[in-house]
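Hi everyone, and thanks for coming. Please have a look at the slide with me, and we will walk through it together.

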Amino acid sequence: MTKVIIDTDTGVDDGMGLIYGILSPELEIVAVTTSFGNVDVGKVTKNTAVIMERLGCDVPLAKGAGQGLAGGKAGYVPEIHGEDGFGNANFPDPEYTSLVGATAAQLTVDLAKQYPGELTYIGLGPLTNLAIALLLDPELPSRLTKVVWMGGAVRVPGNQTPVAEADALHDPEAAALCVAAGWDFLQIGLDVTNDTIFEAEHLDEVTAAATPAAELVAAGAPLYMSFYEQIFGRYCCAMHSPLTVGVVAHPELITAEETLPMVVETQGRFTRGMTIADWRPGQDSDARDWGDGPRVRIAFEVDRAAFVRRFVDRVIGKE
């Protein structure tokens, strides 16, 4: 099993990603951490605790950042994730049985020291908690050696602005710091998540099932799918965070990736939050004044159908 920390801003698709992680025998979740993003960090922590308790996941849960490194809060979008952040499911308050006193960043630092070289950090939202952890412990990249992030867009448009994906735009300073840190960094961005689709027939299968995971997905997904119906012209939704968890459990899902220089724009009036990779063919980026910037792995093709089928089967208890 792969030991993982899941950092999330739950969120409908983020919740679906956490659900998939809990259901995946390939993963050993050692902690779950929360941050602002789709809704404020209090609602995120509530949604996360609900999912963990209903699925019997009793690992440490740590509340994290309520705003980005440079201050300011995200512009929340209740029309996408609901006022409560989980499709207006309006779950009753959880028991918070796993909530610990440590911050998300401190817990990340502590676990990286406990499991040096063993942990994969799965970031499903803004990278604020990881950036703070890096500031607390500059040696973190020598211990927490792999980061897999649902964020950014390279060869496709953004979803928050024409060029910026939401998790990158929520805290570009944190993303820039983490991209440059020197660990094995894998970006699962809109290039692959936009086309990994949970269809109406999948929701029908989930709604007909009686598992706790199916009940959670059926409660949260409809509002999210209604939003995407305006974009895709059919009742469905993109599986951004579930796919990100999925490729950690099943690396073979990635069928094409490239390792490219990347920077995150923090200053541009129209390009703030843009994840810029130099993917010009046949170019020596260093010779073109790109500099000695970080190189990250970027997924460009995945086996979408295989992942969605496996997601549904695990949620309904078929696998």
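Which helices each supply at least two residues of the lining of the largest pocket? Before I answer, please keep in mind that this is a predicted model. The helices in question are H1 (12-23), H3 (78-81), H7 (166-170), H11 (212-232) and H12 (240-249). Among these, H11 gives the largest share of the lining, with five residues.

Let's stay with the pocket for a moment. Its volume is about 390 Å³. There are 26 residues lining this largest pocket, and the closest to its centre are Ile 80, Asn 159, Ala 166, Tyr 228 and His 240.

Now to the strands. Let's begin with S1, residues 2-8, where six of the seven residues are buried, so to speak a mostly covered strand. S1 pairs with strand S2, residues 27-34, in the parallel sense, and seven bridges join the two. If you want one place to look, find Ile 6, which stands opposite Val 32 in S2. To get from S1 to S2, the chain passes through H1, and this β-α-β crossover is right-handed.

S1 has another partner to show you. With strand S4, residues 119-123, S1 pairs in the parallel sense too, over five bridges. Here Ile 5 stands opposite Tyr 121, and Lys 3 has Leu 119 as its bridge partner in S4.

Is S4 itself covered on one face or on both? Both faces are covered: Leu 119, Tyr 121 and Gly 123 are buried on one side, and Thr 120 and Ile 122 are buried on the other. Five of the five residues of S4 are buried, so the strand is largely enclosed by the rest of the structure. S4 also pairs with strand S5, residues 146-150, in the parallel sense and over four bridges. In that pairing, Ile 122 stands opposite Val 148 of S5.

Next, the aromatic rings. How many aromatic pairs does the count come to? The answer is nine. Take Phe 86 and Phe 91 as one of them: their ring centres are 5.6 Å apart and their planes meet at 40°, so this pair is tilted. Both of these residues are buried.

Another pair is Phe 198 with Phe 311. Their ring centres are 6.1 Å apart and the planes are at 90°, so we call this pair edge-to-face. Phe 198 sits in strand S7, residues 197-199, while Phe 311 sits in helix H13, residues 304-315, so the pair ties together parts that are 113 residues apart in sequence. Phe 198 and Phe 311 are both buried. These two also belong to a cluster, in which ring pairs link Tyr 20, Phe 198, Phe 307 and Phe 311.

One last stop, at Ile 51. You will find Ile 51 in helix H2, residues 41-54. Is Ile 51 buried or exposed? Its relative accessibility is 1%, and buried means under 20%, so Ile 51 counts as buried. From Ile 51 to Asp 204 is 153 residues in sequence and 21 Å in space, C-alpha to C-alpha.

That is my tour, and I am happy to take questions.

Conventions: Residues are numbered from 1 along each chain as its sequence is written. This is a predicted model: local features need pLDDT of at least 70, side-chain atom pairs count only at pLDDT 80 or more; totals for chains, interfaces and linings use all residues. Side-chain values use heavy atoms; hydrogens and water are left out. On a 1 Å grid over the protein atoms alone, a cavity is a set of points where a 1.4 Å probe fits but cannot get out, and a pocket is an open set with protein on both sides within 12 Å along at least five of seven lines; lining residues have an atom within 4 Å of a point. Grid points are joined across faces, edges and corners, and a volume is the space filled by probe spheres set on the points. Buried means under 20% relative accessible area, exposed over 50%, partly exposed in between (1.4 Å probe, protein chains only). Two strands pair if DSSP finds at least two bridges between them. A crossover is right-handed if, with the strands pointing away from the viewer, the path from the first strand over the helix to the second runs clockwise. Rings of Phe, Tyr and Trp (its six-membered ring) pair if their centres lie within 6.5 Å; planes under 30 degrees apart count as stacked, over 60 as edge-to-face and the rest as tilted.
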